[in-house]
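Biologist: I'm new to this one, so could you put it up and walk me through it?
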Amino acid sequence: MDITIGTQILPTSERQVRPITKLEPQQQWEVWQTAVEEAGGKVPSARVVSDVVQRIMERTKAPNPYRVGEVCQIIAKDNPDLRGKGGNWCIVNHVGEVSCTVTMWDGEYTVRINHLKPLNYLESECQQMQLISDRISRLRENENLEEAARAMLKYLGELKRPCLTVVEEKLLSLIEQEC
């Protein structure tokens, strides 16, 4: 059922307006009008609104603020590829216009910049995280890696700090020796 005031079609659910909340009021109006037009004059779905928002953000995009080697935190949001990875650390290895390719403990992902949060680590901390990431990646490639070792690598890949404890370093070194 379309809800209208005069000739204005209004949203019928919070999901339809959620994508426009990060825009300025005038842009919100423009997005809604465009989405209604694309929906054939009816109340648009959240997907239609989100697509229009994405096009406007690309048109008015700010430069990508991230740099290669930076350690960031994943914000999973609405990206199904990142489900279960929210809060995990990653290292930026390629910077595009509106996205970054990042390395996580279990592989590489290309994510939009709104799926990243800078951790503001010092350069030395970023380098330390890169070394940890490289060590984990090398070990993950080993086909004979036992489940316990894989679980430990997953744990290390989900840390919320830029360094390993003494025990974590010893466990990682032990896994490296065994492989």
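Biologist: Which residues are exposed on the other side of α6?
Modeller: Val166, Val167, Lys170, Gln177 and Glu178 are exposed there, where exposed means over 50% relative accessible area, buried under 20% and partly exposed in between, with a 1.4 Å probe and protein chains only. This is a predicted model, in which local features need pLDDT of at least 70 and side-chain atom pairs count only at pLDDT 80 or more, while totals for chains, interfaces and linings use all residues. Residues are numbered from 1 along each chain as its sequence is written, and side-chain values use heavy atoms, leaving out hydrogens and water.
Biologist: And which residues of α6 are buried?
Modeller: Glu168, Leu172 and Ile175 are buried in α6. They cover an arc of only 60 degrees around the axis, taken from the directions from the helix axis to the C-beta atoms, which puts them on the same side of α6.
Biologist: What do the buried residues of α6 pack against?
Modeller: They pack against α4 and α5, with contact meaning heavy atoms within 4.5 Å. Helices here are DSSP runs of H or I with at least four residues, strands are runs of E with at least two, and both are numbered from the N terminus.
Biologist: Which residues are buried in α5, then?
Modeller: In α5, residues 147–157, the buried ones are Ala149, Met152, Leu153, Leu156 and Gly157. Seen down the axis of α5, these buried residues fall within an arc of 135 degrees, so they line one face of the helix.
Biologist: What does the face turned away carry?
Modeller: That face of α5 carries the exposed residues Glu147 and Ala148, whereas the buried residues of α5 pack against β4 (89–95), α4 (123–140) and α6 (166–178).
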